[in-house]
Amino acid sequence: MEKVFVLVISMWGFDGSQWQSIGSQMVWNHEMSEQQCEKLASDESWSKHFDNEYYMMQLDCWPE
């Protein structure tokens, strides 16, 4: 049986020395293969616009 993955978008903040999760996450409730999820999460699939150098959003694939 193939593992099922979901796309997770999380928010991160920089405290001056390291990036830390700020505890906010969104999960796209669409099950997919790991390969599909990685393609969707790749930098080539998104245009990024961050106006604050101390915050960022990260996309990850998590097993369901």
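1. Serine 33 touches Glu2, Lys3 and Phe5, leaving out residues up to four places away in sequence; contact means heavy atoms within 4.5 Å. Serine 33 sits in the loop between strand E2 (19-32) and H1. Helices (H or I, at least four residues) and strands (E, at least two) are DSSP runs, numbered from the N terminus. The relative accessible area of serine 33 is 16%, so serine 33 is buried. The cut-offs are under 20% relative accessible area for buried, over 50% for exposed and partly exposed in between (1.4 Å probe, protein chains only).

2. A word on the basis. This is a predicted model, in which local features need pLDDT of at least 70 and side-chain atom pairs count only at pLDDT 80 or more, while totals for chains, interfaces and linings use all residues. Residues are numbered from 1 along each chain as its sequence is written, and side-chain values use heavy atoms, with hydrogens and water left out.

3. Overall layout. The protein chain has 1 helix and 3 strands. Their order along the sequence is β-β-α-β. The C-alpha atoms fill a box of roughly 45 × 25 × 20 Å along the principal axes. Of the 64 residues, 19% count as buried. Take the contacts between residues at least 6 apart in sequence: 63% of them join residues at least 24 apart.

4. Core. The largest nonpolar core has 6 residues: Phe5, Leu7, Met32, Cys37, Ala41 and Cys61. Such a core is a set of buried Ala, Val, Leu, Ile, Met, Phe, Trp, Tyr and Cys residues joined through side-chain atoms within 4.5 Å. Strand E1 (5-14) and helix H1 (34-41) are the elements that give two or more residues to this core. In soluble globular proteins, nonpolar side chains tend to be buried together. Methionine 32 contacts Lys3, Val4, Phe5, Leu7, Cys37 and Leu40, neighbours within four places in sequence aside.

5. Valine 6. This residue belongs to strand E1. Valine 6 counts as buried because its relative accessibility is 6%. Beyond four places in sequence, valine 6 touches Val27, Trp28, His30, Cys37, Asp60, Cys61, Trp62 and Glu64.

6. Phenylalanine 14 is partly exposed at 30% relative accessibility, and tryptophan 19 is partly exposed at 35%.

7. Charge pairing. There is 1 salt bridge in the structure, defined as a side-chain nitrogen of Lys or Arg within 4 Å of a carboxyl oxygen of Asp or Glu. Lysine 48 and aspartate 43 make it through their side chains, at 2.8 Å from N to O. Lysine 48 is partly exposed, with a relative accessible area of 43%.

8. Surface. The protein chain exposes about 5200 Å², of which carbon and sulfur atoms supply 50%. Areas come from the Shrake-Rupley method with a 1.4 Å probe; for residues, only the protein chains shown count as cover. Ile22, Tyr54 and Tyr55 form a nonpolar surface patch with about 320 Å² of accessible area together. Patch residues have over 30% relative accessible area and no salt bridge; like charges are joined within 9 Å, nonpolar side chains (Val, Leu, Ile, Met, Phe, Trp, Tyr) within 5 Å. Tyrosine 55 lies in strand E3 (residues 55-63) and is partly exposed at 44% relative accessibility.
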